[in-house]
Amino acid sequence: MKKKFLALLVGVVLCAALSIPAVAVSGEFVDNSTIMVSATELEPGYYLCAAWRGDMLLRLFDYTVKADGKLNAIVELGEKLEAGDKVTVGISHANTGAEPIPPIICEVKSTSPNNPGRPTVPDYSFDFDSYVDNTRYEINVPGTSGGTVNVSPAGSAAAGRQVTIDVKPDAGYAVGSVAVTAANGRPLTVSRRGSSYVFTMPGSAVDIRVEFRAIAPAEGQSSSGFADGSSGDWFAGAVRYVTGRDVMSGTGNGYFSPDATTTRGMIATILHNLEGKPSAGAGGFTDVGGQWYASPVAWASQNGIVSGYPDGRFGPDEAVTREQLAVILYNYAVMKGYSTSAQAGLDSFTDGGSVSSWARTAVSWASAKGLINGMGDGSLAPQGRATRAQVASILMNFCENAAR
């Protein structure tokens, strides 16, 4: 697999390097006598960084790579480079002498500055077009109970490739933990992406371990996991789906409250959970601060998923209508980069003409994706309140049919 790294840097100094699959490397000129080299996925330890021009050593220093495997080395050359100069930067392990990155050759094409505010910085660009990676490393997934684990790509992947882990708990189970370790035992960063998990493949084999935890029904609960539902309910599978992925939870005392109205604050929290609970700055709404939904609402607002009212309120306790839910999910899909081109006609519903103009595109998309269906009497009920059971079903359909 051939990889091309185009750093969006200005100018005409070309740096090219052949890197082994274990390391991703990039660099830039700080000024015409200083180069910064960055690398990831290095083994922790002590490294020597050297820069030389021809046979002349310009700089030699040591650098400690910590557990995160990252190196950000500032290479001060001690002299100013002129047009035509070539500098070689090398990195080697201090104890073994191994070179995780073959020498990087930097050739200065011009020292004419393109930024008057930084006159010592030469114009340059980086094009790591010759990086070649033909090595694939094994992905090990030990057997587990309580659910299924699917990995893409399966079996092996090249270093730097994003690997996706799809987990599906069995009925009565939820995802407990997802962990990935490199061959040397170093834990890798795993991020939540909707109902899946992703990590970047290092230059070694990895072990993926997923643990499912049993959801113990409270006294009096039915086989659906909640006291107010049964396995035969039309929403039972959807409730298991969303609760098993920690996207929705019960309302307390062993109840799910499937017929309860879903509020705007709840919807923001549900999508925040689906996204893996990312951090968010302070929100700007007057009626949200300090509440349990404050961070989810701030995150959803900052990402264009929800909006408030002209008077500065968000209305977190107001019921969400079905057409409002369609718009919120449509905005979330846009933020994620999912396709929103599908459209379905609404004339087949007896009240299709009552969909608000601002929601029509989103409702047509949601109908085409099977997220929002009719009510059984041929109506769509766009201004009807979305119950928790309906939201659970819509979210399951979204993750299965629209999240791509």
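Predicted model: local features only at pLDDT ≥ 70, side-chain atom pairs only at ≥ 80, totals over all residues.
**Rings and charges**

Side-chain values use heavy atoms, leaving out hydrogens and water, and residues are numbered from 1 along each chain as its sequence is written.

**Another charge over a ring**
- Arg388 lies over the face of Phe256, 4.4 Å from the ring centre.

**Aromatic pairs**
- Rings of Phe, Tyr and Trp (its six-membered ring) pair if their centres lie within 6.5 Å, and planes under 30 degrees apart are stacked, over 60 edge-to-face, the rest tilted.
- That rule gives 8 aromatic pairs.
- One of them is Phe285 with Phe314, a tilted pair at 5.2 Å centre to centre and 45° between the planes.
- This pair links distant parts of the chain, 29 residues apart: Phe285 is in the loop between helix 2 (264-274) and helix 3 (294-302), Phe314 in the loop between helix 3 and helix 4 (322-336).
- Helices here are DSSP runs (H or I, at least four residues), numbered from the N terminus.
- Trp299 and Tyr332 pair edge-to-face, 6.5 Å centre to centre with 65° between the planes.
- Trp299 in helix 3 and Tyr332 in helix 4 are 33 residues apart, so this pair also links distant parts of the chain.

**Burial and clustering**
- Phe285 counts as buried at 17% relative accessibility, the cut-off being under 20% relative accessible area (1.4 Å probe, protein chains only).
- Phe314 is buried at 0%.
- Trp299 and Tyr332 are both buried.
- Trp299, Tyr330, Tyr332, Tyr338, Trp365 and Phe398 make up one aromatic cluster.

Terms used. Helix = DSSP H or I, 4+ residues; strand = E, 2+ residues; numbered from the N terminus. Buried < 20%, exposed > 50% of the residue type's maximum accessible area, 1.4 Å probe, protein only. Lys NZ or Arg CZ within 6 Å of the ring centre and 35° of its normal.
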